[in-house]
Amino acid sequence: PNSTFATTTQIAPTPPTTPSPTDASVTWSTTNNPRPNLTPSPTPSPSASPTPFLNDSRLNDVYSVLLSGGGDAEALADTSSPQYEALIWITFFDGLQLNPMTQPDWLVQRHALATLYYATADPEGNGWSDKSGFLSDEPECTWTAPGGKLGVTGCLNDEVTDMQQVTHLNLRYNGLAGTLPRELTLLTDMQRLDLGLNSLRGGLPSSLGDLSRLESLLLDTNELNDRIPSRWRRLSTLAALDLSRNELTGSIIPGVFSGWQSMQTLRLNTNDL
């Protein structure tokens with residue numbers, strides 16, 4: 001099916017008047033980009049209880065949906081993690097206020113994109129050159145910079161759930177730093193992902209190998225290290241992969257190449273492979 005594209009002017013979300021989470025003290029930071037200030041409390045133990053936010057029903061419901069949708073229990077309960085920051089934002093400060101009981105898939109997608117923002121922007125909210133509407137009160141498919149070429153640049157409408165699923169994400173040359181969160185894998189309809197020309201570091205998430213519809217993955221000109229995960233051999237629809245100008249090391253497992261049946265463009269130059 002053809003992708004549909006949308007643009008929007010960034011809208012700053014207005015926090016609810018009386019947020020009252022009980023597992024952390026949450027205040028609102030009026031920086032250029034919305035980011036809750038969290039006063040850490042003792043981190044709940046995911047092993048002790050599958051629902052560590054029992055004192056707040058909405059927080060508990062959102063947490064449960066994210067966990068069942070593939071979220072990481074330890075990261076969601078860690079008050080210093082981008083996953084937790086995104087959890088607090090989507091629960092108390094997101095003006096859209098998705099219903100975790102009737103809109104679980106939408107909530108998982110929105111949280112994944114919010115986690116990407118928190119993982120790759122500095123704590124003062126100045127990490128991205130263009131915020132592209134991220135964390136606005138509008139649906140994710142309007143999280144796009146004026147001109148429609150940066151941010152969420154493509155979506156498909158799911159006729160069953162009537163939800164718009166993100167298929168194209170372009171944040172190229174946009175001042176991203178930090179590490180790639182595994183929540184990118186939860187954007188299951190992703191076809192084109194371009195995060196090149198940034199300052200991303202750390203290893204390549206092996207879980208990206210589960211994006212079964214991915215056709216183009218551009219991560220060139222960053223500071224990514226380690227080796228290409230063997231799990232990426234599952235990317236049978238991948239036609240373009242650019243990992244050039246990084247700090248990748250080690251040899252490439254031959255089995256990875258055998259899985260790339262649709263590959264047309266492969267760039268690995270300027271690494272330590």
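The predictor's confidence in each residue is called pLDDT and runs from 0 to 100. In this predicted model, local features need pLDDT of at least 70 and side-chain atom pairs count only at pLDDT 80 or more, while totals for chains, interfaces and linings use all residues. Residues are numbered from 1 along each chain as its sequence is written, and side-chain values use heavy atoms, with hydrogens and water left out.

The chain has a mean pLDDT of 84, with 79% of its residues at 70 or more. Over residues 1-33, however, the pLDDT is below 50, and this stretch has 86 contacts in the model beyond near neighbours in sequence; a contact means heavy atoms within 4.5 Å. Residues 38-50 also stay under 50 in pLDDT, and the model has 25 contacts for them beyond four places in sequence. Where pLDDT is low, the predicted coordinates should not be read in detail.

Next come the helices. Helices (H or I, at least four residues) and strands (E, at least two) are DSSP runs, numbered from the N terminus. Axes are lines fitted to C-alpha atoms, for helices over the stretch in contact, and angles run from 0 to 180 degrees between N-to-C directions. The axes of helix H1 (residues 57-68) and H3 come within 10 Å and cross at roughly 130°. H1 and H3 are therefore oblique to each other; angles under 35 degrees count as roughly parallel, over 145 as roughly antiparallel, 65 to 115 as roughly perpendicular and the rest as oblique. Arg 58, Leu 59, Val 62, Tyr 63 and Leu 66 of H1 meet Leu 87, Ile 88, Ile 90, Thr 91 and Phe 92 of H3.

H3 (residues 82-93) also meets helix H4 (residues 104-120): their axes come within 8 Å and cross at roughly 125°. That makes H3 oblique to H4. On the H3 side, the contact residues include Pro 82, Trp 89 and Ile 90, and on the H4 side they include Leu 107, Arg 110 and Tyr 118.

Finally, the structure holds one disulfide, a term for a pair of cysteine sulfur atoms within 2.5 Å. The disulfide joins Cys 141 to Cys 155, with an S to S distance of 1.8 Å. The link of Cys 141 and Cys 155 is left-handed, with -100° about the S-S bond. Because Cys 141 lies in the loop between H4 and strand S3 (151-158) and Cys 155 lies in strand S3, the pair ties together parts that are 14 residues apart in sequence.
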